[in-house]
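Let's take a walk through this structure together. Have the sequence and the 3D view open side by side, and follow along as we go.

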2 protein chains.
Amino acid sequence: MGQGEASSSVAEAIYVDLLRQIVSGRLPAGSRLRSERELAADYGTNRNTLREAMRKLEQGRLITVRQGQGVTVADFRKTGTIEILGPFLAHGGDGRETVRVMVDLLVVRVQVLEMAVAMAAQHAQEADIERLEALVAAQVEAFERADRQALVEGDIAMVDALVDAAHSLTIRWIANTLLEVYRGLVAKVASLWVIEPIFPRYLRRLVDAVARGDAEDAVDATRDYYQRTDDRLFRTLEPFIRGGDHGQATKG
Amino acid sequence: MGQGEASSSVAEAIYVDLLRQIVSGRLPAGSRLRSERELAADYGTNRNTLREAMRKLEQGRLITVRQGQGVTVADFRKTGTIEILGPFLAHGGDGRETVRVMVDLLVVRVQVLEMAVAMAAQHAQEADIERLEALVAAQVEAFERADRQALVEGDIAMVDALVDAAHSLTIRWIANTLLEVYRGLVAKVASLWVIEPIFPRYLRRLVDAVARGDAEDAVDATRDYYQRTDDRLFRTLEPFIRGGDHGQATKG
DNA sequence: CGTTCCCAACTGGTTGAACCAGTTTGGTCG
DNA sequence: CGACCAAACTGGTTCAACCAGTTGGGAACG
């Protein structure tokens, strides 16, 4: 995974490299970065290009820059934003903390989905319902074919449609950030995406509730379903939290 | 022209100016920006400085930049991240959409708080409980003094302590972004922060539940309380949503 | 006339050197 | 010893080139 990654531009490559160093702990919070002139020389580039990388790190609150004083690594655990989730999971420090963040992310994902579902039930219009119905039909069919790839893609499309149906910019923006991380995570750790036998029934119940405008039932259906899948996931992940540091071994 | 707003640096000022134009709709999604050379001349600066502003806009997904093709304004309503919430509320387009985002934000805030509270009940340590107890005592006292300023500040400190007690990086990062926006919003629209007579009782019940590790009760208490305040808020805001009707969509 | 191809003229990306503006630091002078 | 100032840092801005993709129009060719 990570390393090769032909980073299109010089500035981008430097940004990723420094980001990785900070998030992995090699550059601890509070430490000073070398001066811009020195870093530019280190990376074999010039100050202007290096400064573009600095701006991106600054925007992500990974560093604080003050004229005359230099650049300091910020404590991203305290001051970070969701934007760091992805990079953190990709290059984060010890595996134990990473797995805990993954578990948190799964919990948060369901919560956001519940919010979206509740709002969708309140604000969905006809076009939204039709789109959801079509997606449900496709998912049920993929389920019967046991087409895992199609199911995963359909799942994301489904969430996307629900978020659209909520007609809420706030939910849309939160979902964008979170889903991007989630998608990357599922792509990398396939075992994080599990499916229950009642999946088709859940989908039907969910969309029916949304169509009726029954927010409560839509949320209940969602909560019920994900409690099942998440129970399984937590049992899978728990050993890695307690014991190991590098989540690679297969479960017995 | 930007009024007051002493933007410390040139690049920052340009960033804010372009951000405002995009978020307000003056620069619509899909439109092309003038070339870097032209924009630099427009702002009376040079390309390097202007490009630092571009990098920040790009990082916030407000523009897409492609070598040889120029800079295009992205559709932030579809592709945006939470980071845009603050700027959008500050300089957003028509008031109706802004108020709707505010309402969403209040809903989301409670949801995040519920998540934090549930996790705090599960993971809080002694030091966390002690900190919460101290904050509750201070809040109750401020309530009896009817010291609104202290109450608002204490509220933020309280949420902060709960988030810490959750011991979850994901929650911390989400809360950082959301609370910053919320704080700015309350500072600007004071009437958004309301308080109910049962406030002290709620705080006691909440912290007791967290101390017992009773996540369910902690969440229930939180939900109950905020349903009361939010009902009041929605009644306040609803007229503004219905009122200045600049939108196109009409419910069938 | 129509098609192909190429080059000029855009666009952003990178470079290097110089100077401006805050901060720190260490030595001088009272 | 203490106040102070200047040199030497730090990041911030400016300028003037050149590199590297993209595009469109016109010349060359079928």
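This is a predicted model: local features need pLDDT of at least 70, side-chain atom pairs count only at pLDDT 80 or more; totals for chains, interfaces and linings use all residues.

Now look at which of its side chains point inward: Ala11(A), Ile14(A), Tyr15(A), Leu18(A), Leu19(A), Ile22(A) and Val23(A) are the buried residues of α1(A). Viewed down the axis of α1(A), the buried residues keep within an arc of 155°, so they line one face of the helix. What does that set of residues pack against? In chain A, the partners are α3 (47–59), β2 (70–73), α4 (76–79) and α5 (85–91). Just after α1(A) comes Gly25(A), with a positive phi of about 95°.

Next, move along chain A to helix α10, residues 199–212. From first C-alpha to last, its 14 residues reach 20 Å, close to the 20 Å expected at 1.5 Å a residue. The buried residues here are Leu203(A), Leu206(A), Val207(A), Ala209(A) and Val210(A). Seen down the axis of α10(A), they fall within an arc of 160°, so they line one face of the helix. Just after α10(A), Gly213(A) takes a positive phi of about 80°.

Let's turn to the DNA. Around DNA strand C there are 21 residues, and those that come nearest are Ser9(A), Val10(A), Thr45(A), Gly68(A) and Ser35(B). Both chains take part in this surface: α1 and α3 of chain A, and α2 (36–42), α3 (47–59) and β2 (70–73) of chain B, each supply at least two residues. Which element gives the most? That is α3(A), with 3 residues. By type, the residues of the surface near DNA strand C are 4 nonpolar, 13 polar and 4 charged.

Our last stop is the contact between the two protein chains, which takes 29 residues from chain A and 29 residues from chain B. On the chain B side, α3, α4 (76–79), α6 (95–123) and α9 (169–188) each supply at least two residues. Here α9(B) gives the most, with 7 residues. The side of chain B that touches chain A divides into 11 nonpolar, 11 polar and 7 charged residues.

Definitions and conventions
Residues are numbered from 1 along each chain as its sequence is written. Chains are lettered from A and ligands numbered from 1 in the order in which they are written. A residue is buried if 20 or more other C-beta atoms lie within 10 Å of its own, exposed if 12 or fewer, and partly exposed in between; C-beta atoms are placed from the backbone. Helices (H or I, at least four residues) and strands (E, at least two) are DSSP runs, numbered from the N terminus. The arc is that of the directions from the helix axis to the C-beta atoms. Two residues are in contact if their C-beta atoms, placed from the backbone, lie within 7 Å. The expected span of a helix is 1.5 Å times one less than its number of residues. A residue is near a molecule or strand if its C-beta atom, placed from the backbone, lies within 6 Å of it. Ala, Val, Leu, Ile, Met, Phe, Trp, Tyr, Cys and Pro count as nonpolar, Asp, Glu, Lys and Arg as charged, and the others, Gly among them, as polar.
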